Amino acid sequence: MTDRALYVAMAGASAMLRGQATVANNLANADRVGFQATLEATSAKPIEGPGYPSRVATEARTLGIDARMGAIRQTGNPLDIALHQERWLAVQDGNGATAYTRAGDLTINANGLLSTANGQLVLGADGAPLAIPPSQSMDIAADGTISTVPLGQPPSTIAEAGRLQLVSAKTTDLERGDDGLMRPRAGVTPQPATGASLTSGTLEDSNVRPADALVSMIELARKFEMQVQLLQRADENARASASLVSMR
């Protein structure tokens, strides 16, 4: 019976630790542009095996990604974009494959390629990295079309430099990788976005609510402490039982 109690308490403590790790990761990204919080929960899990099915352990489960939009703030930077709901920007991951992000703090690297602040190359509508020619001004339209005024040309001379590859997909149809980028779940194919999909000169803040995350962290810490106390109590009972047996 003691072994069973230890197993149940250990499973609960493990679930609390996993929940704390998720909340800590959300807090660490609370100031990251376009970050969406990971949703974590615990559920009851009956323990299978011989005997009466009365033991229930705790299991940590990832529910997915919080699809709520973060606060939109004005920056005035023509390279900053805030994507509309269920719109994603295509970028090139470390393996050269296509992935998606909502981080709209874009920049032009030393090679003249458009990239995110984290260094991922932004893909154009043709699937290739976007090269931005030297220009004196630049504008990103709501549909992702990039227009520039070439160096030495009058403001009325506007040239199209390319178009962002924007897709439409529900957050639940995507999953986040270890690199923080989103990729389609099996059987899901994101569709090209149509119409207005972004607002330039603005950025979407993380949707993590620090106050709520801190409250969750405290609750999880208290639950973990309770599970540890159960482990200690089970160990004390085991020692007492062993002492009584040795006295016979």
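I start with a definition: buried means under 20% relative accessible area, exposed means over 50%, and partly exposed is in between, with a 1.4 Å probe and protein chains only. What you see is a predicted model, in which local features need pLDDT of at least 70, side-chain atom pairs count only at pLDDT 80 or more, and totals for chains, interfaces and linings use all residues. Residues are numbered from 1 along each chain as its sequence is written, and side-chain values use heavy atoms, with hydrogens and water left out.

First residue. Thr-145 counts as buried because its relative accessibility is 15%. Thr-145 belongs to strand 11, residues 145-150. Helices (H or I, at least four residues) and strands (E, at least two) are DSSP runs, numbered from the N terminus.

What does the side chain of Thr-145 make a polar contact with? The partner is the side chain of Asp-143, at 3.0 Å. A polar contact here is a pair of N or O atoms within 3.5 Å; within protein, one must be able to donate a hydrogen and the other to accept it, and residues adjacent in sequence count only if both atoms are side-chain atoms. If neighbours within four places in sequence are set aside, Thr-145 is in contact (heavy atoms within 4.5 Å) with Asp-139, Ile-140, Glu-160, Gly-162 and Arg-163.

Second residue. Glu-86 is not a glycine, yet has a positive phi of about 65°. Glu-86 sits in the loop between strand 4 (81-83) and strand 5 (87-92). With 32% relative accessibility, Glu-86 counts as partly exposed.

Now the pockets. The search runs on a 1 Å grid over the protein atoms alone: a cavity is a set of points where a 1.4 Å probe fits but cannot get out, a pocket is an open set with protein on both sides within 12 Å along at least five of seven lines, and lining residues have an atom within 4 Å of a point. Grid points are joined across faces, edges and corners, and a volume is the space filled by probe spheres set on the points.

The largest pocket holds about 440 Å³. Its lining has 22 residues, with Val-23, Asn-26, Thr-38, Glu-40 and Ser-216 nearest the centre. At least two lining residues come from each of helix 1 (2-28), strand 1 (38-46) and helix 2 (210-247). Helix 2 gives the largest share, 6 residues. By class, the lining has 8 nonpolar, 7 polar and 7 charged residues. In this scheme Ala, Val, Leu, Ile, Met, Phe, Trp, Tyr, Cys and Pro are nonpolar, Asp, Glu, Lys and Arg are charged, and the others, Gly among them, are polar.

The second largest pocket has about 300 Å³ of space. Of its 17 lining residues, Thr-38, Ile-65, Arg-176, Gly-177 and Asp-178 are the closest to the centre. Strand 2 (56-65) and strand 14 (174-176) each supply at least two of the lining residues, and strand 2 has the largest share with 4.

Last, the cavities. How many are there of 30 Å³ or more? The count is 4. The largest cavity has a volume of about 110 Å³. Among its 13 lining residues, Gly-34, Phe-35, Thr-101, Arg-102 and Gly-180 are closest to the centre. That lining consists of 6 nonpolar, 4 polar and 3 charged residues.

The second largest cavity holds about 40 Å³, and its lining includes Arg-32, Thr-101 and Leu-181.
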